[in-house]
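Biologist: Could you take one part of this model, the nonpolar core, and go through it closely, together with the helix packing and the charged pairs that go with the description? Please give the cut-offs as you go.

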Amino acid sequence: MVSDALYGTGQMLSDSENVAVWFCCIMFSASIGCSIIAYVIKLLADGFTGVIRRLASGDRKARISGRLSRRMDEIGLVAKAFNGMAERLEQEDAREKMLLASVSHELRSPLTRMSVALELLRIQSGDSPQADRIAAEIDCMQSLVKSILDYSRIEMVEPETQPFDFPSLLTEVMENARFEGASSGCTFSAVMPEAL
């Protein structure tokens with residue numbers, strides 16, 4: 001009997017002592033089993049967490065591979081569902097970049113024609129503030145189209161930070177407001193500190 005093996009005295013334990021000993025053995029076994037299960041769950045979670053972090057940081061090629069994706073249980077189903085989602089995200093990114101490249105290409109042609117038409121108008125009529133304004137707006141649109149095209153060609157990378165010339169931006173906004181407000185009789189002015 002268990003009590004004989006535990007005590008080695010040949011004395012019999014009472015029924016309540018036997019129950020207590022069995023209860024302790026069962027609890028000890030259960031705690032070992034729970035520790036093993038917790039360790040396995042942690043390993044599985046670590047396998048998912050690293051890949052999820054890579055995908056969240058912009059790595060659209062991140063996939064759960066190996067034994068996790070080949071499992072035939074719920075964990076395998078979650079791994080396959082995650083991989084399917086990551087595949088769709090990668091395809092969406094590719095489609096977005098193709099769309100941006102296509103749109104920017106299609107916008108370049110009319111902007112080029114507008115530039116040519118403006119130059120012909122200047123040849124025939126001479127320079128004017130309105131022609132200068134149209135030229136500035138065409139340059140702005142061409143710059144935006146170039147930015148869109150550049151964005152469609154780059155991969156997701158951490159953006160570089162650099163100083164920004166805020167007074168120049170405000171001056172440009174004020175010039176646009178003056179131009180647009182002139183037809184309505186509106187005037188605009190700005191007072192900016194030198195060290196802005």
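**The core and its surroundings**

Modeller: The largest nonpolar core has ten residues, namely Leu44, Phe48, Val51, Leu55, Ala62, Ile64, Leu68, Ala79, Phe82 and Ala86. A nonpolar core is here a set of buried Ala, Val, Leu, Ile, Met, Phe, Trp, Tyr and Cys residues joined through side-chain atoms within 4.5 Å, where buried means under 20% relative accessible area, exposed over 50%, and partly exposed in between (1.4 Å probe, protein chains only). Helices α2 and α4 each supply at least two residues of this core, and α2 gives the most, with four residues. This is a predicted model, in which local features need pLDDT of at least 70 and side-chain atom pairs count only at pLDDT 80 or more, whereas totals for chains, interfaces and linings use all residues. Residues are numbered from 1 along each chain as its sequence is written, and side-chain values use heavy atoms, with hydrogens and water left out.

As for the packing, the axes of helix α2 (residues 15-56) and helix α4 (residues 74-125) come within 12 Å and cross at roughly 5°; axes are lines fitted to C-alpha atoms, for helices over the stretch in contact, and angles run from 0 to 180 degrees between N-to-C directions. The two helices α2 and α4 are therefore roughly parallel to each other, a label for angles under 35 degrees, with over 145 counting as roughly antiparallel, 65 to 115 as roughly perpendicular and the rest as oblique. On the α2 side the contact is made by Leu44, Phe48, Val51, Ile52 and Leu55, and on the α4 side by Ile75, Val78, Ala79, Phe82, Met85, Ala86 and Leu89, contact meaning heavy atoms within 4.5 Å. By class, this contact of α2 with α4 has twelve nonpolar, no polar and no charged residues (Ala, Val, Leu, Ile, Met, Phe, Trp, Tyr, Cys and Pro count as nonpolar, Asp, Glu, Lys and Arg as charged, and the others, Gly among them, as polar). Leaving aside its neighbours within four places in sequence, alanine 86 is in contact with Leu55, Arg60, Ala62 and Arg63.

Turning to the charged pairs, the count comes to twelve salt bridges, each being a side-chain nitrogen of Lys or Arg within 4 Å of a carboxyl oxygen of Asp or Glu. One of them joins aspartate 132 to arginine 122, with the closest N and O atoms 2.6 Å apart. Aspartate 132 lies in helix α5 (residues 129-153) and arginine 122 in helix α4, so this pair ties together parts that are ten residues apart in sequence. Aspartate 132 is partly exposed, with a relative accessible area of 40%, whereas arginine 122 is buried at 18%. Another pairs arginine 71 with aspartate 73, the closest N and O atoms being 2.5 Å apart; arginine 71 is partly exposed at 31%, and aspartate 73 is partly exposed at 25%.

For the chain as a whole, the secondary structure comes to six helices and zero strands, helices (H or I, at least four residues) and strands (E, at least two) being DSSP runs numbered from the N terminus. Of the 196 residues of the protein chain, 17% count as buried.
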